[in-house]
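Student: Please take a close look at one part of this model for me. I want the contact between its domains, with the cut-offs for each term.

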Amino acid sequence: MLPRSLLLTLIFVLSPAALCGSALAQPFSENQLTTAQRLMDQALESDLGYEIVESLTTEVGPRLAGTEAESRARDWAIAMLKAQGFENVRNEPFPVPLWVRGVETAAITSPYPQPLAITALGGSSSTGPDGVEAEIVAFKDLASVEALPDGSLKGKIIFIDEPMTRTQDGSGYGVAVRKRRTTAYEGVRLGAVAALIRSVGTSTHRFAHTGQMQRLTEGEREGVPTAALSAPDADQLTRSLKRGQPVRVKMVLTPETLPPSESGNVIGEIVGSEKPEEIILVGAHLDSWDLGTGAVDDGAGVGIVTAAARLVAAENPKRTIRVVLFGAEEVGLVGAKAYAEQHWDDLDNHMLAAESDFGAGRIWRFETRVHESKLETAQAIGNAMRGIGVGPGPNTAYGGPDLTYVRAAGVPVVTLKQDGLDYFDLHHTPNDTFDKIDPADMAQNVAAYAAFIYLASEVDAHFRGDEE
Ligand SMILES: [Zn+2]
């Protein structure tokens, strides 16, 4: 037996090596790793992902959930998946609420009359064609508004000038998005006539960022008419207020909530050659906001996962690769919920899932959310991507918004984490257009997804605990 002190020294010396993976068993054969490398090389030489986004954004353009444009996007997706050789191509329909944008204008009427750049938030109520004009009351954040007693802003327009922090991983979004979701309803409680928020975004351009408000549950009153201001306009309004006189703003918003419509999830598969019942799901969302052409959100994801799966098809993967192009993500994860419900009885056969929905920036980290006992195998998939700049990440992956419900139901997920430093400059604005995508960055994304899809399909292991 070794003396205790020596044993501790050995553990101390060995453990960093174990963390690096060099001392661990390699679940993949030389052949499999060579194939993964060849797929990445092919992806880096290919423009397929880029061409798919070009086609979607040009031939369909903006595609708001539940509209005729989103229906055309489904037709486009079905034709595209068939042309790329996918099997079992189909649309799985579901109902969706329908809200459409109308007129949206705002202006300071006194003491410094001038127009303001705004856009209505998804789900906003209407001011009517004559609009509303009232005095602005400004707050630094949502919490300050929530702290006010009921009825204390009667006849006013609420203005929340809360900025969003720019980060590589997009972590500033979660905090900033709360005011987009709930300010309209706080407005009702406080007796306000309308609300303005600083856009949830990191841009300094003069486009306001739209986005969905929290959905009403039955019996709730709709919120006050609510719009986002572009960042320079939020600054301008704040400067006007600092001069000490009451500032009045006129807003006209005429969006409409129409009778419920239909959306759908479009699916294409490469049927597994050895374990066809076992599914590797790769997703993206097909719908977009109506202001831009949805290139980075989420045309890029559609191009990335489709092109990657297409490349892997030539390798005759063992498991079924299922590409899911979700509908109605932007308006409240409606397609994500429909998918989980429609496939509930088959979720145990979903081995691993990933969604690309964070733009077209390069992938820099491979994150997992698998059972502890399967972590080594899952990380070995990520290790195969090191040559294209992908490092290891934590075992707390989010997976993507459209995987919210399947993840909650126990499906293991991974995140191929993209660089999102600039993502919220474009997100949900008219400026989200095809020219913003770099073809070399797209190709790197396709390369990482191709390696992931292939290796996840080849490995014998599943990624849950053995008792599950
Ligand atoms: Zn998205």
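Tutor: A salt bridge here is a side-chain nitrogen of Lys or Arg within 4 Å of a carboxyl oxygen of Asp or Glu. Two of these salt bridges are counted between domain 1 and domain 2. The model is predicted, so local features need pLDDT of at least 70 and side-chain atom pairs pLDDT 80 or more, while totals for chains, interfaces and linings use all residues. Side-chain values use heavy atoms, without hydrogens or water, and residues are numbered from 1 along each chain as its sequence is written.

Start with the bounds, which come from an automatic or database domain assignment. Domain 1 has two segments, 25-97 and 260-458. Domain 2 covers 102-254. Their C-alpha centres are 34 Å apart.

Now the contact itself. Domain 1 brings 21 residues to it and domain 2 brings 22, with contact meaning heavy atoms within 4.5 Å. Together the domains bury about 1,700 Å² (accessible area, 1.4 Å probe, lost on putting the two parts together and summed over both). Carbon and sulfur atoms hold 58% of that buried area.

On the domain 1 side, look at Leu421, Phe424 and Asp425. These three supply 31% of the area that domain 1 buries against domain 2.
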